[in-house]
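Please keep the sequence and the structure in view while reading.

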Amino acid sequence: MSGMHLSKEFFELIKAIGESKSKQEEDRIIASEILTLKKKLDGSSGGGGGLMMSPGSPIPSMGTPGGKGGNNALSSKKKAREFLVRLLYVEMLGHDGSFGFIKAVVSTIYIVVT
């Protein structure tokens, strides 16, 4: 696997997009990825939670600053960076990724994405 900084799931996504035979197949892959990203963002992905909205607050909570603490799906720098790159792929391929824009802004506050 090239690029050890990539998760296996991300590598498989890029591979599937590259191997798709038609625009429809690519769209289906991206639609599935959008659902996955939304689940991670909403915190409904399995056991851990994700980016959660506090009642009455316009800013999502991500745990403690610096990405330490909790089982948040987007709490570590690596996971936050990968989320943003996946969101970028969604946008680059012509799909709507606006659901993750606030996450991108908030991540600049809590996590230095380098």
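Predicted model: local features only at pLDDT ≥ 70, side-chain atom pairs only at ≥ 80, totals over all residues.

| Pair | N to O distance |
|---|---|
| Lys23 and Glu26 | 3.4 Å |
| Lys23 and Asp27 | 3.2 Å |
| Arg86 and Glu82 | 3.1 Å |

**Helix α2**

In helix α2, which covers residues 23-42, Lys23 and Glu26 are 3 residues apart, a separation of about one helical turn. Lys23 and Asp27 also lie in helix α2, where they are 4 residues apart, again about one turn of the helix. Lys23, Glu26 and Asp27 are linked in a network of salt bridges. How exposed or buried are the members of this network? Lys23 is partly exposed, with a relative accessible area of 43%, and Asp27 likewise counts as partly exposed, at 25%, whereas Glu26 is buried, at 16%.

**Helix α3**

Arg86 and Glu82 both belong to helix α3, which covers residues 77-92, and they stand 4 residues apart, about one turn of the helix. Their side chains meet in a salt bridge. Arg86 has a relative accessible area of 3% and is therefore buried, since the term applies to values under 20%. Glu82 is buried as well, with a relative accessible area of 13%.

Definitions and conventions:
Residues numbered from 1 in each chain as written. Heavy atoms only, no water. Salt bridge = Lys/Arg side-chain N within 4 Å of Asp/Glu carboxyl O. Helix = DSSP H or I, 4+ residues; strand = E, 2+ residues; numbered from the N terminus. Buried < 20%, exposed > 50% of the residue type's maximum accessible area, 1.4 Å probe, protein only.
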